[in-house]
Amino acid sequence: MIELMNISKTFNAGKANEVKALQKLSLNIEEGEFVVIVGANGSGKTTLLNLMAGTVIPDTGSITIAGNDATKLAEYGRSKWIARIFQNPLLGTAADLSIVDNFRLAALRTKSKGLTIGKNEAFKKQVQEKIATLGMGLENKIEQPIGTLSGGQRQALTLLMSVMDECKILLLDEPTAALDPRSAETVMRTAEALIKEYKLTAILVTHNLKDAAQYGSRIIQMGEGEVLKNISAKEKAKLKQAELYEWFG
Ligand SMILES: Nc1ncnc2c1ncn2[C@@H]1O[C@H](COP(=O)(O)OP(=O)(O)O)[C@@H](O)[C@H]1O
Ligand SMILES: [Mg+2]
(Lines give C-alpha, C1' and ligand atoms only; values in the text may rest on other atoms or scores of the structure.)
(Ligands and ions follow the chains in the order given, each with its own letter.)
Protein backbone atom coordinates (compact mmCIF):
# COMPACT_ATOMS: atom_id res chain seq x y z
CA MET A 1 0.00 0.00 0.00
CA ILE A 2 2.88 2.35 0.88
CA GLU A 3 6.37 1.71 -0.41
CA LEU A 4 9.27 3.91 0.67
CA MET A 5 12.52 3.24 -1.16
CA ASN A 6 15.85 4.65 -0.05
CA ILE A 7 14.39 7.84 1.38
CA SER A 8 16.75 10.54 2.64
CA LYS A 9 15.79 13.93 3.99
CA THR A 10 18.18 16.55 5.35
CA PHE A 11 16.94 19.84 6.80
CA ASN A 12 19.13 22.98 6.56
CA ALA A 13 21.65 21.14 4.38
CA GLY A 14 25.16 22.58 4.53
CA LYS A 15 24.34 24.92 7.43
CA ALA A 16 25.47 24.76 11.04
CA ASN A 17 22.04 23.47 12.06
CA GLU A 18 21.94 20.67 9.48
CA VAL A 19 19.80 17.68 10.52
CA LYS A 20 19.79 14.36 8.72
CA ALA A 21 16.18 13.54 9.63
CA LEU A 22 15.94 10.38 7.49
CA GLN A 23 18.77 8.33 6.06
CA LYS A 24 18.27 5.81 3.24
CA LEU A 25 15.10 4.54 4.83
CA SER A 26 13.17 1.78 3.08
CA LEU A 27 9.85 0.49 4.33
CA ASN A 28 7.02 -1.46 2.79
CA ILE A 29 3.57 -1.36 4.36
CA GLU A 30 0.99 -3.79 3.03
CA GLU A 31 -2.68 -3.02 2.62
CA GLY A 32 -4.54 -3.59 5.89
CA GLU A 33 -1.46 -3.49 8.09
CA PHE A 34 -1.57 -1.51 11.35
CA VAL A 35 2.02 -0.45 12.00
CA VAL A 36 3.12 1.06 15.31
CA ILE A 37 6.19 3.32 15.27
CA VAL A 38 8.18 4.02 18.42
CA GLY A 39 11.47 5.83 18.89
CA ALA A 40 13.23 8.63 20.76
CA ASN A 41 12.37 12.29 20.25
CA GLY A 42 13.93 13.58 17.06
CA SER A 43 14.39 10.12 15.53
CA GLY A 44 12.38 11.06 12.44
CA LYS A 45 8.93 9.62 13.17
CA THR A 46 6.95 12.74 12.32
CA THR A 47 9.14 13.41 9.28
CA LEU A 48 8.32 9.89 8.08
CA LEU A 49 4.59 10.60 8.40
CA ASN A 50 5.08 14.01 6.74
CA LEU A 51 6.72 12.23 3.80
CA MET A 52 3.79 9.86 3.45
CA ALA A 53 1.31 12.74 3.69
CA GLY A 54 3.27 14.91 1.25
CA THR A 55 4.01 17.85 3.57
CA VAL A 56 7.71 16.99 3.23
CA ILE A 57 9.27 15.97 -0.10
CA PRO A 58 12.33 13.67 0.09
CA ASP A 59 15.79 14.65 -1.20
CA THR A 60 16.32 11.19 -2.65
CA GLY A 61 14.34 7.98 -2.95
CA SER A 62 10.79 7.21 -4.00
CA ILE A 63 7.33 6.84 -2.48
CA THR A 64 4.64 4.68 -4.00
CA ILE A 65 1.11 4.83 -2.61
CA ALA A 66 -1.56 2.42 -3.79
CA GLY A 67 0.56 1.63 -6.84
CA ASN A 68 1.04 5.30 -7.80
CA ASP A 69 4.33 7.17 -7.80
CA ALA A 70 3.68 9.81 -5.14
CA THR A 71 7.27 10.96 -4.60
CA LYS A 72 6.67 14.53 -5.75
CA LEU A 73 2.90 14.64 -5.29
CA ALA A 74 1.66 17.52 -3.09
CA GLU A 75 -0.43 16.91 0.00
CA TYR A 76 -3.79 17.65 -1.68
CA GLY A 77 -2.94 15.18 -4.43
CA ARG A 78 -2.70 12.41 -1.83
CA SER A 79 -5.68 13.30 0.34
CA LYS A 80 -7.82 10.81 -1.54
CA TRP A 81 -5.68 8.07 0.04
CA ILE A 82 -4.59 9.59 3.31
CA ALA A 83 -6.25 10.94 6.45
CA ARG A 84 -4.24 12.24 9.34
CA ILE A 85 -4.76 12.76 13.07
CA PHE A 86 -2.43 14.96 15.10
CA GLN A 87 -1.50 15.15 18.75
CA ASN A 88 -3.44 18.39 19.22
CA PRO A 89 -7.22 17.72 19.29
CA LEU A 90 -7.82 21.34 18.26
CA LEU A 91 -6.31 20.78 14.80
CA GLY A 92 -8.93 18.44 13.41
CA THR A 93 -12.14 20.42 13.85
CA ALA A 94 -13.64 23.93 13.75
CA ALA A 95 -14.31 24.93 17.37
CA ASP A 96 -17.11 27.46 16.76
CA LEU A 97 -19.14 25.19 14.52
CA SER A 98 -21.59 22.62 15.86
CA ILE A 99 -20.82 18.91 15.69
CA VAL A 100 -23.28 18.45 12.83
CA ASP A 101 -21.77 21.38 10.85
CA ASN A 102 -18.29 19.92 11.30
CA PHE A 103 -19.60 16.68 9.84
CA ARG A 104 -21.21 18.61 6.99
CA LEU A 105 -17.83 20.17 6.18
CA ALA A 106 -16.13 16.79 6.35
CA ALA A 107 -18.76 15.31 4.03
CA LEU A 108 -18.34 18.17 1.56
CA ARG A 109 -14.57 17.89 1.51
CA THR A 110 -14.44 14.52 -0.17
CA LYS A 111 -16.76 11.77 -1.21
CA SER A 112 -17.76 10.41 2.16
CA LYS A 113 -18.52 6.83 2.92
CA GLY A 114 -22.11 6.38 4.02
CA LEU A 115 -23.12 10.03 4.31
CA THR A 116 -25.32 11.81 1.78
CA ILE A 117 -25.69 15.51 2.39
CA GLY A 118 -29.13 16.28 0.90
CA LYS A 119 -31.94 17.13 3.30
CA ASN A 120 -31.04 18.59 6.64
CA GLU A 121 -33.03 16.29 8.92
CA ALA A 122 -31.93 13.16 7.08
CA PHE A 123 -28.29 14.25 7.31
CA LYS A 124 -28.62 14.91 11.04
CA LYS A 125 -30.08 11.47 11.57
CA GLN A 126 -27.18 9.85 9.72
CA VAL A 127 -24.66 11.82 11.74
CA GLN A 128 -26.40 10.84 14.98
CA GLU A 129 -26.27 7.17 14.01
CA LYS A 130 -22.56 7.41 13.19
CA ILE A 131 -21.76 9.23 16.43
CA ALA A 132 -23.79 6.80 18.52
CA THR A 133 -21.30 4.08 17.54
CA LEU A 134 -18.67 5.90 19.62
CA GLY A 135 -20.67 5.12 22.75
CA MET A 136 -19.94 8.55 24.23
CA GLY A 137 -23.49 9.91 24.31
CA LEU A 138 -22.55 12.67 21.87
CA GLU A 139 -25.42 11.88 19.50
CA ASN A 140 -27.68 14.09 21.64
CA LYS A 141 -25.32 17.06 21.44
CA ILE A 142 -24.92 17.50 17.71
CA GLU A 143 -26.06 21.15 17.76
CA GLN A 144 -23.43 22.03 20.36
CA PRO A 145 -20.24 23.87 19.28
CA ILE A 146 -17.46 21.29 19.03
CA GLY A 147 -15.20 23.63 21.05
CA THR A 148 -17.28 22.94 24.15
CA LEU A 149 -16.31 19.25 24.17
CA SER A 150 -13.35 17.65 25.93
CA GLY A 151 -10.12 16.90 24.06
CA GLY A 152 -10.91 13.18 24.04
CA GLN A 153 -14.41 13.71 22.66
CA ARG A 154 -13.05 16.02 19.97
CA GLN A 155 -10.31 13.58 19.03
CA ALA A 156 -12.84 10.73 18.73
CA LEU A 157 -15.06 12.87 16.47
CA THR A 158 -12.05 13.93 14.37
CA LEU A 159 -11.23 10.26 13.90
CA LEU A 160 -14.77 9.44 12.87
CA MET A 161 -14.90 12.32 10.39
CA SER A 162 -11.55 11.48 8.85
CA VAL A 163 -12.28 7.81 8.26
CA MET A 164 -15.60 8.63 6.63
CA ASP A 165 -13.62 10.17 3.80
CA GLU A 166 -12.75 7.91 0.91
CA CYS A 167 -9.29 7.50 2.43
CA LYS A 168 -7.63 4.11 2.79
CA ILE A 169 -4.67 5.08 4.96
CA LEU A 170 -4.85 6.59 8.45
CA LEU A 171 -1.79 8.33 9.91
CA LEU A 172 -1.90 8.84 13.69
CA ASP A 173 0.89 10.97 15.15
CA GLU A 174 0.74 10.60 18.95
CA PRO A 175 -3.04 11.05 18.87
CA THR A 176 -3.45 10.63 22.63
CA ALA A 177 -0.38 12.51 23.92
CA ALA A 178 -2.45 15.54 24.96
CA LEU A 179 -5.22 13.55 26.63
CA ASP A 180 -5.89 12.21 30.12
CA PRO A 181 -5.50 8.41 30.42
CA ARG A 182 -9.22 7.65 30.24
CA SER A 183 -9.85 9.77 27.14
CA ALA A 184 -6.67 8.36 25.63
CA GLU A 185 -8.00 4.84 26.01
CA THR A 186 -11.37 5.78 24.49
CA VAL A 187 -9.65 7.39 21.50
CA MET A 188 -7.36 4.38 20.94
CA ARG A 189 -10.27 1.94 21.16
CA THR A 190 -12.24 4.09 18.75
CA ALA A 191 -9.31 4.21 16.36
CA GLU A 192 -8.89 0.44 16.47
CA ALA A 193 -12.60 -0.19 15.85
CA LEU A 194 -12.72 2.27 12.93
CA ILE A 195 -9.56 0.84 11.37
CA LYS A 196 -11.21 -2.60 11.43
CA GLU A 197 -14.61 -1.42 10.25
CA TYR A 198 -13.26 0.56 7.30
CA LYS A 199 -10.43 -1.91 6.57
CA LEU A 200 -7.83 0.84 6.74
CA THR A 201 -4.08 0.66 6.53
CA ALA A 202 -2.91 2.46 9.68
CA ILE A 203 0.32 3.89 11.06
CA LEU A 204 0.46 4.92 14.71
CA VAL A 205 3.33 6.88 16.25
CA THR A 206 3.26 6.54 20.01
CA HIS A 207 5.40 7.02 23.10
CA ASN A 208 3.10 4.78 25.07
CA LEU A 209 4.61 1.27 25.16
CA LYS A 210 1.38 -0.16 26.55
CA ASP A 211 -0.42 1.06 23.44
CA ALA A 212 2.43 -0.24 21.28
CA ALA A 213 1.94 -3.66 22.85
CA GLN A 214 -1.84 -3.64 22.72
CA TYR A 215 -2.55 -2.20 19.28
CA GLY A 216 -1.37 -2.82 15.76
CA SER A 217 0.21 -5.68 13.90
CA ARG A 218 3.85 -4.70 13.47
CA ILE A 219 6.25 -2.56 15.52
CA ILE A 220 9.00 -0.44 14.07
CA GLN A 221 11.59 1.36 16.16
CA MET A 222 13.24 4.41 14.65
CA GLY A 223 16.55 5.92 15.69
CA GLU A 224 18.48 8.74 14.05
CA GLY A 225 16.48 8.61 10.86
CA GLU A 226 16.75 4.88 10.36
CA VAL A 227 14.68 1.80 11.09
CA LEU A 228 16.45 0.13 14.03
CA LYS A 229 14.03 -2.71 14.64
CA ASN A 230 11.20 -4.11 12.62
CA ILE A 231 9.15 -6.69 14.47
CA SER A 232 6.56 -8.65 12.54
CA ALA A 233 3.05 -9.22 13.87
CA LYS A 234 3.94 -12.86 14.50
CA GLU A 235 7.05 -12.00 16.51
CA LYS A 236 5.17 -9.26 18.34
CA ALA A 237 2.46 -11.68 19.46
CA LYS A 238 5.15 -13.82 21.09
CA LEU A 239 6.79 -10.91 22.91
CA LYS A 240 5.83 -10.46 26.52
CA GLN A 241 5.13 -6.95 27.78
CA ALA A 242 8.29 -7.02 29.89
CA GLU A 243 10.38 -7.92 26.84
CA LEU A 244 8.79 -5.11 24.91
CA TYR A 245 9.80 -2.63 27.61
CA GLU A 246 13.29 -4.08 27.64
CA TRP A 247 13.56 -3.67 23.87
CA PHE A 248 12.03 -0.27 23.48
CA GLY A 249 12.08 1.33 26.92
N1 LIG B 1 10.90 21.45 9.05
C2 LIG B 1 12.02 21.17 9.71
N3 LIG B 1 13.09 22.00 9.67
C4 LIG B 1 14.23 21.72 10.32
N5 LIG B 1 14.41 20.61 11.06
C6 LIG B 1 13.39 19.74 11.15
C7 LIG B 1 12.14 19.97 10.49
N8 LIG B 1 11.31 18.94 10.77
C9 LIG B 1 12.01 18.11 11.57
N10 LIG B 1 13.25 18.57 11.81
C11 LIG B 1 14.31 17.91 12.59
O12 LIG B 1 14.42 16.58 12.13
C13 LIG B 1 14.64 15.67 13.21
C14 LIG B 1 13.53 14.64 13.25
O15 LIG B 1 12.33 15.30 13.67
P16 LIG B 1 10.93 14.54 13.80
O17 LIG B 1 10.68 13.78 12.57
O18 LIG B 1 9.93 15.57 14.18
O19 LIG B 1 11.20 13.54 15.01
P20 LIG B 1 10.20 12.74 15.96
O21 LIG B 1 8.82 12.89 15.44
O22 LIG B 1 10.71 11.33 15.94
O23 LIG B 1 10.38 13.35 17.32
C24 LIG B 1 14.69 16.53 14.45
O25 LIG B 1 16.05 16.80 14.75
C26 LIG B 1 13.95 17.80 14.06
O27 LIG B 1 14.40 18.89 14.80
MG1 LIG C 1 7.03 13.63 16.31
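These legends describe close-up views of a predicted model.

**View 1. The shell of residues around ligand 1.**
Phe11, Asn12, Val19 and Ala21 are part of the shell. By type, the shell holds 4 nonpolar residues, 7 polar ones and 1 charged one.

**View 2. Secondary structure elements that line ligand 1.**
Which elements each supply at least two residues of the shell around ligand 1? They are β2, residues 19-29, and α1, residues 45-53. Helix α1 gives the largest share of the shell, with 3 residues.

**View 3. Polar atoms close to the oxygens of ligand 1.**
A polar backbone atom of glycine 42 is 2.7 Å from an oxygen atom of ligand 1. For serine 43, a polar backbone atom is 3.2 Å from an oxygen atom of the ligand. Threonine 46 takes part through its side chain: a polar atom there lies 2.8 Å from an oxygen atom of ligand 1. How much of ligand 1 does the protein bury? Taken alone, the ligand exposes 560 Å², and the protein buries 62% of that.

**View 4. Helices α5 and α6 side by side.**
Two packed helices are described by the angle between their axes and the distance between the axes. Helix α5 spans residues 151-164, and helix α6 spans residues 181-197. Their axes come within 9 Å and cross at roughly 10°. An angle under 35 degrees counts as roughly parallel, so α5 is roughly parallel to α6.

**View 5. The contact between α5 and α6.**
From α5 come Gly152, Gln155, Ala156, Leu159, Leu160 and Val163. Helix α6 answers with Ser183, Val187, Thr190, Ala191 and Leu194. What types of residue make this contact of α5 with α6? The residues divide into 7 nonpolar and 4 polar, with no charged residue.

Conventions: Residues are numbered from 1 along each chain as its sequence is written. Chains are lettered from A and ligands numbered from 1 in the order in which they are written. This is a predicted model: local features need pLDDT of at least 70, side-chain atom pairs count only at pLDDT 80 or more; totals for chains, interfaces and linings use all residues. Side-chain values use heavy atoms; hydrogens and water are left out. A residue is near a molecule or strand if one of its heavy atoms lies within 4 Å of it. A polar contact is a pair of N or O atoms within 3.5 Å; within protein, one must be able to donate a hydrogen and the other to accept it, and residues adjacent in sequence count only if both atoms are side-chain atoms. Accessible areas come from the Shrake-Rupley method with a 1.4 Å probe; for residues, only the protein chains shown count as cover. Helices (H or I, at least four residues) and strands (E, at least two) are DSSP runs, numbered from the N terminus. Ala, Val, Leu, Ile, Met, Phe, Trp, Tyr, Cys and Pro count as nonpolar, Asp, Glu, Lys and Arg as charged, and the others, Gly among them, as polar. Axes are lines fitted to C-alpha atoms, for helices over the stretch in contact, and angles run from 0 to 180 degrees between N-to-C directions. Angles under 35 degrees count as roughly parallel, over 145 as roughly antiparallel, 65 to 115 as roughly perpendicular and the rest as oblique. Contact means heavy atoms within 4.5 Å.
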